[in-house]
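Trainee: Could you take one part of the surface of this protein and go through it closely with me?

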Amino acid sequence: ILDVLPGNNCGGCGYAGCSGLAAAIAQGKADVGGCPVGGASVAGKIGEIMGVDASASERKTAFVKCGGTCEKTKSEYEYYGIKDCIMASQMQDGGAKGCAYGCLGYGSCVDACPFDAIHIVDGIALVDKEVCKACGKCVAACPKHLIELVPYSAKHIVQCSSKDVGKNVMKACSVGCIGCHLCEKNCPKDAVHVIDNVAYIDQEKCVGCGICAQKCPKKIIL
């Protein structure tokens with residue numbers, strides 16, 4: 001099993017490297033598709049070794065739930081400390097950004113990614129979904145909890161995490177979700193709901209019709 005695994009030792013499987021996952025699979029403690037880097041092809045090979053059917057698992061990718069670029073969001077002050085999101089988040093109001101929930105843009109997630117799949121562009125982190133292996137390192141590194149693993153095939157995702165009420169969101173960011181419920185009210189599949197003032201899309205229900213994105217006044221549903 002260890003020979004079949006890719007050998008990245010990224011820890012995305014939840015074990016201490018590929019050898020840890022291989023041992024767990026051999027002992028029946030982990031699923032044959034437990035390697036996010038190897039994906040369906042590796043799962044199939046391990047399934048053959050273990051004599052079990054490895055159904056193809058859906059590919060996932062990391063997604064940063066913030067659209068507050070330098071142009072679209074406001075800053076409360078200039079931060080001159082160590083360029084690290086964890087350090088910056090411990091400053092006044094959780095960082096210099098006007099939105100306390102927004103991406104700080106100092107690249108803790110970039111440093112954590114072993115595949116060079118995430119970069120800071122115009123003040124926020126952006127993921128290259130073609131390179132991302134969904135190992136989860138960036139998810140764990142973000143102090144704002146902005147990064148989520150979503151289906152690679154997801155048609156629409158809300159690029160905001162702010163739980164502030166609409167008027168406060170608009171003061172801090174020109175594209176933040178204001179919790180207006182228009183996406184929720186117009187979704188024909190009941191796939192969109194506003195929870196804690198921010199819209200959330202249930203990917204299992206979403207059929208990709210695009211109505212939510214069309215109705216969104218802030219155009220924050222991508």
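Mentor: Contact here means heavy atoms within 4.5 Å. Leaving aside neighbours within four places in sequence, Met-50 is in contact with Ile-1, Ile-25, Ala-26 and Val-32. This is a predicted model, in which local features need pLDDT of at least 70 and side-chain atom pairs count only at pLDDT 80 or more, while totals for chains, interfaces and linings use all residues. Residues are numbered from 1 along each chain as its sequence is written, and side-chain values use heavy atoms, with hydrogens and water left out.

Met-50 lies in helix α2, where helices are DSSP runs (H or I, at least four residues) and strands are likewise runs (E, at least two), numbered from the N terminus. The C-alpha atoms of Met-50 and Ile-25 are separated by 8.4 Å, and these two residues are 25 residues apart along the chain. Met-50 has 32% relative accessibility and therefore counts as partly exposed, a class that falls between buried (under 20% relative accessible area) and exposed (over 50%), with a 1.4 Å probe and protein chains only.

Together with Ile-49 and Val-52, Met-50 forms a nonpolar patch on the surface, with about 240 Å² of accessible area for the three together. Such a patch is made of residues with over 30% relative accessible area and no salt bridge, nonpolar side chains (Val, Leu, Ile, Met, Phe, Trp, Tyr) being joined within 5 Å; a salt bridge is a side-chain nitrogen of Lys or Arg within 4 Å of a carboxyl oxygen of Asp or Glu. The accessible areas come from the Shrake-Rupley method with a 1.4 Å probe, and for residues only the protein chains shown count as cover. Val-52 is found in the loop between α2 (39-50) and β1 (60-64), and Val-52 counts as partly exposed because its relative accessibility is 43%.

Key: Patches are made of residues with over 30% relative accessible area and no salt bridge: like charges are joined within 9 Å, nonpolar side chains (Val, Leu, Ile, Met, Phe, Trp, Tyr) within 5 Å.
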